[in-house]
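Please find below a colleague's note on the two-chain model under review.

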Amino acid sequence: MASKDDSKGMNNQAQANEKLPALLVSAFGEDITEASINHGIPVFTVHRNAYRKVVEFLFNLEEMPFRFLTDITGIHLPDNKDDLGVICHLHCLTSNVRLRIKTFVTTSDSHVDSLTPLFPGANWMERETFDFYGIHFKGHPNLTRILNMDDMLIHPLRKEYPLEDQSRKDKNDAMFGR
Amino acid sequence: MNNKIQLAKAPDGVEGAGFFATRLDDVIGLARKNSVWPLPFATSCCGIEFMATMGANYDLARYGSERMSFSPRQADLLMVMGTIAKKMAPVVRQVYEQMAEPKWVLSMGACASSGGIFDTYSVLQGIDRIIPVDVYVPGCPPRPEQVIDGILKIHELVANESSRRRYSEDYKNLMASYGFER
């Protein structure tokens, strides 16, 4: 029976891939800056100001409520104008449909709305994204570091910071490929 | 007497009918070295190798270390085995601080000794940055034989340590250099 459900789920995904882009563009217009299908699921790049509204809209969709937050993560693309990204993966458990929302900000002004009012589970994921990328989530109840030491001064996964420990004096670049 | 039982060799001294005289330091060293209680601070694969060392094949108990002390207060030897993340560093320090004097530290494996392959922002580049280390055991991870060799090196230090060492200026300065108050 499980395989039958799976195939049904895939059909739902295929239907959603056709339906969702038009639906979101009709609801948000210009705020959806890019819509594509990637790895079999729809990907929407949205304007930073519409980020939470789009997620809320999907959360409350009647025929396909996206009520499960799979993941929130960040990305740093230093060559882009809007170089810092937030990516969130949503899952509709009733129809087994997945999608991805991206929004981009800049390192100098990295504020995005928090998803914690919709998903309590966003709390730790947003803290992790803040910890590693320095993205500030407006409305987050406790935006502090979660994995790194509290006294760390940098957001280590941003490209401007070196990966290696800077306190070492005994490793030179020629010998260790640093 | 059963000749399979090996007694520890008595230290040098003056022997006569009904008496044996030797240095107190030697006797204390002899007693201490044959009952070193380790505190295993195992965080990764070196810890697994240490379990093999404790197991029946290699049997660390032969060297008087059968009693693992999972409370730092009763431990003589802190064995740090595995990668220590910077966030873990205060924990290692606290465990070391809670141990009663005299205490020794063995750093097992590349990660504990130098950060190993983890040359990265989140990993402590060797535990000797936060606590003084007596013996380093190289390897990634070291084989049980190497761990036993490290323990025997600790035994040498324990046996030959002057009972005044922990009160010396040198030792106080060493502790102060790591930020421990005594």
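**Note on the predicted model**

1. B:Pro141 is found in the loop between strand E6 (135-137) and H5 of chain B, where helices (H or I, at least four residues) and strands (E, at least two) are DSSP runs numbered from the N terminus. The peptide bond joining B:Cys140 to B:Pro141 is cis, with omega about -10°. A cis bond also joins B:Glu101 and B:Pro102, with omega about -5°; B:Pro102 lies in the loop between helix H3 (89-98) and strand E5 (104-108) of chain B.

2. On conventions, this is a predicted model in which local features need pLDDT of at least 70 and side-chain atom pairs count only at pLDDT 80 or more, while totals for chains, interfaces and linings use all residues. Residues are numbered from 1 along each chain as its sequence is written, and chains are lettered from A and ligands numbered from 1 in the order in which they are written.

3. Chain A has an open sheet of 5 strands in the order E1-E2-E5-E4-E3, with mixed pairing; two strands pair if DSSP finds at least two bridges between them. Its edge strands, each pairing on one side only, are E1 (32-38) and E3 (68-76). From one strand to the next the twist averages 20°.

4. Strand E2 (residues 41-46) of chain A runs antiparallel to E1(A), to which 6 bridges join it, and A:Ile37 stands opposite A:Pro42. E2(A) is joined to E5(A) by 4 bridges, and these two strands run parallel; the bridge partner of A:Phe44 in E5(A) is A:Ile101. A residue is buried if 20 or more other C-beta atoms, placed from the backbone, lie within 10 Å of its own, exposed if 12 or fewer, and partly exposed in between.

5. Two residues of chain A deserve a check of their backbone angles. The hairpin of E1(A) and E2(A) has 2 residues between the strands, and A:His39 there has phi near 50°, a positive value in a residue other than glycine. A:His39 is exposed, with 7 other C-beta atoms within 10 Å. A:Asn96, in the loop between E4 and E5 of chain A, likewise has a positive phi, near 55°; with 17 C-beta neighbours inside 10 Å, A:Asn96 counts as partly exposed.

6. Helix H2 (residues 51-59) of chain A lies across E2, E4 (84-92) and E5 (97-105), running at about 170° to E5(A). Helix H3 (residues 122-133) of chain A lies across E3 and E4, at about 5° to E3(A). Axes are lines fitted to C-alpha atoms, for helices over the stretch in contact, and angles run from 0 to 180 degrees between N-to-C directions.

7. In chain B, the axes of H1 (residues 24-33) and H5 (residues 144-160) come within 7 Å and cross at roughly 150°. B:Gly29, B:Leu30, B:Arg32 and B:Lys33 in H1(B) meet B:His155, B:Val158, B:Ala159 and B:Asn160 in H5(B).

8. The contact between the chains takes 9 residues from chain A and 9 residues from chain B, two residues being in contact if their C-beta atoms, placed from the backbone, lie within 7 Å.
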